[in-house]
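Hello,

Here is the structure I promised to hand over.

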Amino acid sequence: MKLFWIIPFFLLQDTEAFLMKNAKVKLCLEASPTSGNLLLEDCDPESHFQDWSWQGHSLVNQGTRSCLTVVGANSVQTSLCGSTSWDCSDSLLSPLGSSQGYLVANRKGVALNDVRGLKAQWQDVAERSVCEEKAEAEQDRHFFAALASTHGYEHTAGNATLALGISQEELEELLWFFRREDPAAWNYSILALSFITLVLGLLLLAINVARNRKRKIHEYREAAQAAQQAELEAKQALMSVQQEQSPAEPEKQEPLPQDQKAGDVVVQWKDGTITSLYTERSEDPV
């Protein structure tokens with residue numbers, strides 16, 4: 001039950017600030033950190049000098065911690081809080097208790113003028129009226145005031161405990177928790193999320209490495225098979241060429257006559273007869 005109320009408290013604190021964008025020029029109101037002048041720049045949610053918040057009837061800049069103040073007849077800048085209060089109606093901002101006009105965007109920045117068109121209408125980045133932001137800020141302020149006044153006003157605290165559905169002891173412990181501003185729960189949550197993110201990242205990395213390895217092995221096998229097939233086809237083509245270029249088998253030599261000896265000179269005539277060129281003479285008797 002405590003954690004159920006702790007989370008909304010943090011969310012309400014983060015959503016107090018908002019950007020003030022003019023409905024005509026579509027630029028956001030930015031406070032100068034040195035001179036106190038007001039500029040119209042491109043909306044940047046990361047810039048603290050474009051963050052504004054309602055504190056009662058004052059518009060406070062989160063970057064300079066100064067308030068939107070009327071200076072002179074129709075000039076506006078940021079200065080110490082408490083001198084100017086603002087009334088908000090139909091997205092129009094006008095100083096309380098004065099008839100100087102409305103906060104209007106012009107070429108130089110902002111000023112007071114009697115114009116009620118789009119130049120005098122102010123919204124947040126979600127195109128919600130700054131008057132809605134003021135109403136929500138007042139509701140939040142009343143809610144926190146009811147919780148903070150537990151010790152001073154018993155009847156207000158009793159109504160708050162009845163609305164929240166928690167006991168007096170739990171409410172006091174909850175208030176003590178926020179006054180102490182212990183960030184341990186938030187730090188543990190971020191640590192757990194970081195650990196889960198690390199595990200998921202390592203798992204995805206391992207899966208990617210395994211898939212890349214399988215893909216490379218498959219490509220290597222396909223390349224090896226293709227090389228073997230090309231080598232086999234080359235061998236078959238070479239063998240066929242060699243068979244085509246080989247000479248015909250030599251004619252079988254006719255057998256020599258039985259009476260022919262090695263070293264004899266023989267002649268084969270046209271009619272096919274074979275005779276010895278030199279006949280062996282018989283040895284003369286001694």
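The link of Cys88 and Cys131 is left-handed, with -90° about the S-S bond. This is a predicted model, in which local features need pLDDT of at least 70 and side-chain atom pairs count only at pLDDT 80 or more, while totals for chains, interfaces and linings use all residues. Residues are numbered from 1 along each chain as its sequence is written, and side-chain values use heavy atoms, with hydrogens and water left out.

Back to Cys88 and Cys131. Their sulfur atoms sit 1.9 Å apart, and the two form a disulfide (a pair of cysteine sulfur atoms within 2.5 Å). Cys88 lies in strand β9 and Cys131 in helix α2, residues 130-148, so the bond ties together parts that are 43 residues apart in sequence. Helices (H or I, at least four residues) and strands (E, at least two) are DSSP runs, numbered from the N terminus. Cys88 is buried, at 13% relative accessibility. Cys131 is buried too, at 17%. Here buried means under 20% relative accessible area, exposed over 50%, and partly exposed in between (1.4 Å probe, protein chains only).

How many disulfides does a search of the whole structure find? It finds three. Counting bonded cysteines along the chain, the pattern is 1-2, 3-4, 5-6.

Next, Cys28 and Cys43. They form a disulfide with sulfur atoms 1.9 Å apart. The torsion about the S-S bond is about 90°, so this disulfide is right-handed. Cys28 is in strand β3 (residues 28-31), and Cys43 is in the loop between β4 (38-41) and β5 (51-55), so the pair joins parts 15 residues apart in sequence. Cys28 is buried, with a relative accessible area of 0%. Cys43 is partly exposed, at 31%.

That leaves Cys67 and Cys81. The sulfur atoms of this disulfide are 1.8 Å apart. Its S-S torsion is about 90°, so the bond is right-handed. The pair links distant parts of the chain, 14 residues apart: Cys67 is in strand β7 (residues 67-71), and Cys81 is in the loop between β8 (75-79) and β9 (86-89). Is Cys67 buried or exposed? Cys67 counts as buried, at 1% relative accessibility. Cys81 is partly exposed, with a relative accessible area of 43%.

Best wishes
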